[in-house]
Amino acid sequence: MKKYGREMFPLHLSFHSYGQMILRPYSHTLVPPPNVRNLDALGNVMLASLRSSGFSYRYGTSADILYAVGGASADWAYHFGVPYTYIIELPPLNSFIYTPSNIQQTCEQIWNMLVAMTGHLKVQGY
Ligand SMILES: [Zn+2]
């Protein structure tokens with residue numbers, strides 16, 4: 001299988017529901033990945049953007065916030081050379097059921113977060 005490098009895909013995001021969490025690799029172990037400092041720097045950009053639009057998200061790995069899990073697409077992408085991969089657990093905090101009137105607001109918050117992320121990645125040379 002072809003290995004994809006940073007030139008092709010610097011970022012992989014997987015959107016899930018629910019819980020308001022940003023999960024970086026790895027999902028299956030507490031051992032941090034080699035570029036954890038870069039992942040956390042972008043993670044802080046994500047958290048700051050979401051916080052500025054009124055939502056607080058938890059940040060960490062599935063293994064430390066939820067449970068260790070194998071087969072996450074973020075880990076797969078990371079393994080194939082994508083340097084920034086995250087799972088985003090969207091609102092609400094404790095249910096799959098989301099009030100339709102909140103969807104537009106969430107889309108705008110996530111869009112603003114994506115803009116902040118691309119700005120950070122551009123400064124990093126991507
Ligand atoms: Zn999930």
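Which residues in helix 1 are buried? Keep that question in mind as you explore this predicted model.

**Stop 1: the helix from end to end.** Select residues 36–52, which make up helix 1.

**Stop 2: the buried side.** Now colour Leu39, Leu42, Gly43, Met46, Ser49 and Leu50: these are the buried residues of helix 1. They cover an arc of only 120° around the axis, which means that they sit on the same side of helix 1.

**Stop 3: the other face.** Turn the view to the face pointing away from that buried side, and pick out Arg37, Ala48, Arg51 and Ser52, which are exposed.

**Stop 4: the cover.** What lies over the buried residues of helix 1? Show strand 2 (21–23), strand 3 (58–60), strand 4 (84–90) and helix 4 (103–123), which are among the elements that cover them.

Stop 5: Select Gly54, which follows helix 1 and has a positive phi, near 95°.

**Stop 6: an annotated residue.** Go back to strand 4 and click on Glu89, which is found there. In its unreviewed entry, UniProt annotates Glu89 as "active site". Is Glu89 buried or exposed? Glu89 has 21 C-beta neighbours inside 10 Å, and 20 or more make a residue buried, so Glu89 counts as buried.

Key: Residues numbered from 1 in each chain as written. Predicted model: local features only at pLDDT ≥ 70, side-chain atom pairs only at ≥ 80, totals over all residues. Helix = DSSP H or I, 4+ residues; strand = E, 2+ residues; numbered from the N terminus. Expected span 1.5 Å × (residues − 1). Buried ≥ 20, exposed ≤ 12 C-beta atoms within 10 Å, placed from the backbone. Arc of directions from axis to C-beta. Contact = placed C-beta atoms within 7 Å. UniProt positions renumbered as here; feature names shortened; annotations may be inferred.
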